Amino acid sequence: MRNPIHPPVPGSEAAALVQKRALMGHERLDSLRPGTTGTARPGTTQDIVGLRRLVRESWQRSASLQANPDVAEAPLAMDQDELEEYRRQHPLATIMPVIKKLLVQPSHDSGLLVAVGDDVGRLLWVDGDPVMQRRAESMMFVAGADWSEASVGTSAPGTALALDRSIQISGAEHFKRSVHPWSCTAVPFHDPDSGAVLGVVDITGTETAVAAHTLSLVEATVAAAQAQLRIERLTLAAAVREKPRRRSAAATSSHALYRNSLQLLGRDQALLSIDGRTVSLSARHSEILAILGSHPDGLSAEDLCAQLYPGDGYSATLRAEMVRLRKVIQELSPDAVPQSRPYRLPVELLPDSGQVLNCLQRGAHRIALEIYKGAVLPRSEAPGVVQLRERVSHLLREALLSDGSVDSLLKYAELPEAKYDVDLRLAVLKLLPPRSPKRAAVVADLERIDTELTA
């Protein structure tokens with residue numbers, strides 16, 4: 001197989017050849033950079049040959065995101081206090097006993113490290129062989145560090161999140177040179193109910209970290225942990241129904257099991273989920289939470305009015321709407337009731353529009369497109385919602401036009417907002433081979449657009 005998905009068997013001649021080609025690729029990368037301390041120019045790594053395709057494409061994203069292969073250490077994203085509070089509330093905290101039993105404990109004497117990160121590539125737990133842990137500190141492979149592609153370039157944790165699939169990266173295939181002595185295998189962790197990416201599980205070490213059985217082991221562990229999270233949620237829900245007096249304690253426990261979310265994409269009325277309970281909101285309440293979800297530090301009454309209503313003089317209307325919204329959220333979770341002065345949400349709320357923006361920021365265009373079900377509250381005329389809608393839609397379209405595959409572009413073309421997008425379809429024709437059977441449908445679509453717009 002000329003361009004395999006997984007690296008060759010460790011220790012084989014094929015594995016040695018992969019490393020030789022990757023090192024040659026780094027030499028080519030140096031020649032494409034504007035200076036010895038600069039970063040690679042976007043669009044220049046595509047002519048580096050000899051790499052596995054997924055590695056070459058990851059290098060391309062890494063260069064576009066301005067990752068620097070010569071910076072030895074990953075950046076620290078959270079200090080100790082922030083880290084402890086964040087992972088205490090993270091849904092992955094409840095399944096760490098499964099990870100420790102199946103991966104961490106066997107790794108202590110095996111020369112391997114086990115890392116668990118969140119959905120944007122920040123490592124939350126790093127454990128395993130003590131000697132390897134001390135070695136890994138030199139490149140900041142530690143809890144609290146950012147190992148996304150945007151920060152460190154190609155690595156198993158960051159690239160697995162960028163592609164939303166299992167990944168193995170061997171030695172010099174890493175974009176950052178300080179990571180060349182290491183190899184790693186990573187598997188995304190999905191919410192067992194919604195399917196959203198919650199994080200990533202990684203094994204890092206020597207060549208054994210990319211053995212075929214290592215990938216199978218990590219995938220099996222992730223499957224077991226996802227099943228355990230689902231069981232924990234079902235057990236909690238049953239306890240709440242059976243023992244009403246335990247509701248308060250159960251509500252506290254549920255914070256670690258669920259990721260609070262707000263579904264805005266392709267909907268006129270948002271779905272709000274808090275602590276595992278979901279409610280459909282009115283159109284106005286959907287707009288309020290969409291705006292507050294985009295401003296975690298809160299907004300004054302005046303600023304919220306300006307983003308919610310065109311014109312002036314709506315302060316009394318806003319107060320009445322907030323009273324009604326608080327009653328709705330009170331039924332879901334008293335701890336989540338919006339505060340005032342400024343108006344803000346006291347709990348972390350993850351809008352699906354925010355997920356799309358996070359994915360685009362780290363170059364994960366395909367995942368962003370999977371999440372994107374349509375425009376943000378498409379019928380809303382609230383100025384703040386219109387601004388959010390246009391931002392998400394514009395950034396997604398531009399990302400796909402600049403770096404999207406044919407399949408991604410065609411999938412985007414099916415959305416209502418792309419019905420008359422001529423440039424999008426012309427971009428598809430440029431990417432399609434001359435004899436591709438898909439060209440006829442695209443040409444026919446262009447003819448339809450021309451007919452409908454000139455009729």
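P188 stands opposite V200 in strand β5 (residues 197-205). Strands here are DSSP runs of E with at least two residues, and helices are runs of H or I with at least four, numbered from the N terminus. β5 is joined to β4 by eight bridges, and the two run antiparallel. Two strands count as paired if DSSP finds at least two bridges between them.

This is a predicted model, in which local features need pLDDT of at least 70, side-chain atom pairs count only at pLDDT 80 or more, and totals for chains, interfaces and linings use all residues. Residues are numbered from 1 along each chain as its sequence is written, and side-chain values use heavy atoms, with hydrogens and water left out.

Strand β4 (residues 183-190) also pairs with β3, again antiparallel, over four bridges. There, Q168 stands opposite T185 of β4. Strand β3 (residues 167-170) is covered on both faces. I167 and I169 are buried on one side, Q168 and S170 on the other. Buried means under 20% relative accessible area, with exposed over 50% and partly exposed in between (1.4 Å probe, protein chains only).

Now the whole sheet. It is open, has five strands in the order β2-β1-β5-β4-β3, and pairs antiparallel. Its edge strands are β2 (123-128) and β3, each pairing on one side only. Neighbouring strands are turned by 15 degrees against each other on average, direction ignored. Axes are lines fitted to C-alpha atoms, for helices over the stretch in contact, and angles run from 0 to 180 degrees between N-to-C directions. Helix α4 (residues 96-107) lies across β1 (112-118), β2 and β5. It runs at about 155 degrees to β1.

Next comes helix α7 (residues 156-163). Why is α7 largely enclosed by the rest of the structure? Eight of its eight residues are buried, so the rest of the structure largely encloses it. Among them are P157, G158 and L161. S155 caps the N-terminal end: a side-chain oxygen lies 3.4 Å from the backbone nitrogen of G158. Just after α7, D164 takes a positive phi of about 55 degrees.

Last, a helix pair. The axes of α15 (residues 383-403) and α16 (residues 406-413) come within 10 Å and cross at roughly 145 degrees. In α15, S393, L396, R397, L400 and L401 meet S408, L409 and Y412 of α16. Contact means heavy atoms within 4.5 Å.

Methods
Polar contact = N/O pair within 3.5 Å; in protein donor to acceptor, adjacent residues only side chain to side chain.
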